[in-house]
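The entries follow the order in which I looked.

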Amino acid sequence: MGEYLDRGLHEECGVFGVYRQPDAAHLTYFGLHALQHRGQEGAGIATADGKTVHCHKGKGLLTEVFHSSDLDELKGKNAIGHVRYGTAGGGELANVQPIVARRANCGALAVAHNGQIVNAAELRQELEDKGSIFWGTSDSEIILHLLQGQQGPLLEKIKKACRRLDGAFAFLILTEKNLYAIRDKSGLRPLSLAKQGDGWCVSSESCAFDIVGAQLVRDIQPGEIVKLSADGIESYFYTDETEKNLCAMEYIYFSRPDSVLEGQNVHGVRRECGRLLAQEDLEHLFKADIVVGVPDSSLSAAAGYSEAIGLPNEMGLIKNRYVGRTFIQPTQAQRDLGVKLKLSANVPVVRGKRVVLVDDSIVRGTTSKRIVALLRQAGATEVHLRIAAPPIKYPCFYGVDMSTRAELASASLEPDILAKVLGADSLRFMSIEDLKQACGNTGLCTACFSGEYVTPLYGHKV
Ligand code: SF4
């Protein structure tokens, strides 16, 4: 994640939309700013003025893609926007969203998508066999082609198209007059609705509502299509076979701590994860001096762990907030340098101390190893690694750029062996049951921990 350290964990995207608001493009720009942690490789905004759809997009951060004059040219009271981390499809401009289509039978249409369609390859082949021409390689184009191939009013076309899709998707569709917000039937990727004056906002995360002064109303439900039009707000479902399975990594890692998902504040969930993680150490009369959280995403869990275990929560690691996007540097040497630039040990705090290092995930293990080494070099006498999540053992096919099994440290190494590999004195993870409890038992995907995927996987190999 861009604002965090590179663990080899990247979300694909964030989406934000505005309906019936003056200055829709500017509001969307600010909303996307709050979602920039979900993707830094590309950004775009499409607006609708009742007659047509305008769009501006490009590669890079929002501040690199948009200048004030670009926003001024995006006319209209309705808008959708997107920030992209490009896994499926690669980083070329054709894959930057929103994607706009102008066809005689549909009018102008813009689509922005977060997630990953598991049966994308099969659908793409079928569409190409029928004559569809794709100009990029992202999953998001598939929905546009599916819409073109359906008969009837747009709402019915959307329902029919969504029934063909398997996997994780949160779509925003903008027409000349209306905005549709759609969530997959498993609710894998988050999507929330907010009220703003006479209009509405939709967002991958509620933290973006706070920036633009909108009030969170609710999560869009699995399988739901919310239509925003001159008639107001309408809710439809494209299927009644729905089940809530929100990505657990949204709580653990991706979402901002000030977001609310399924009624749960993300900081609160992480803090509870830390508290539950401490229970076993409490039972075994574990001895240490201080608790140190890895900034930023593990600070909430470290606070919960420290409260429960009764040890001071210290700032033993300092993040340099002004380092650029080192995580997209392609070589290992560049990534190594990136971690050193991003994180320093606070030597007077950790020297001579037995440290409990609280982190939120181990993917390949390379980052954890470097952080343990940083603390030892700074004089920590012991480093006990505590992970406020279960071990990641399986790849994700729902929009998180997770390594193959062979690259996942916990897929082949038990915690005691992994502790030695990482240079830690001990290592413990959370159980899946405790994670579900911390998340309020609201319905969670835990496939990367358990291997129990919530959809068919088609040709994907675990
Ligand atoms: S497999 Fe893991 S990362 Fe992927 S959606 Fe499920 S919980 Fe999230």
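My entries below take a sheet, the helices on it, and then a helix pair.

Before starting I noted that this is a predicted model, in which local features need pLDDT of at least 70, side-chain atom pairs count only at pLDDT 80 or more, and totals for chains, interfaces and linings use all residues. Residues are numbered from 1 along each chain as its sequence is written, and side-chain values use heavy atoms, with hydrogens and water left out.

I looked up the sheet and found it open, with 5 strands in the order β18-β17-β21-β22-β23 and parallel pairing; strands are DSSP runs of E of at least two residues, helices runs of H or I of at least four, numbered from the N terminus, and two strands pair if DSSP finds at least two bridges between them. At the edges I found β18 (313-314) and β23 (426-429), each pairing on one side only.

I then saw that helix α9 (residues 266-283) packs on this sheet and touches β22 and β23, contact meaning heavy atoms within 4.5 Å. The direction of α9 makes about 130 degrees with that of β23, where angles run from 0 to 180 degrees between N-to-C directions and axes are lines fitted to C-alpha atoms, for helices over the stretch in contact.

Turning to α5 (residues 140-148) and α6 (residues 154-164), I found that they pack at about 125 degrees with axes 9 Å apart. Ile143, Leu146 and Leu147 of α5 meet residues of α6 including Leu154 and Arg164.
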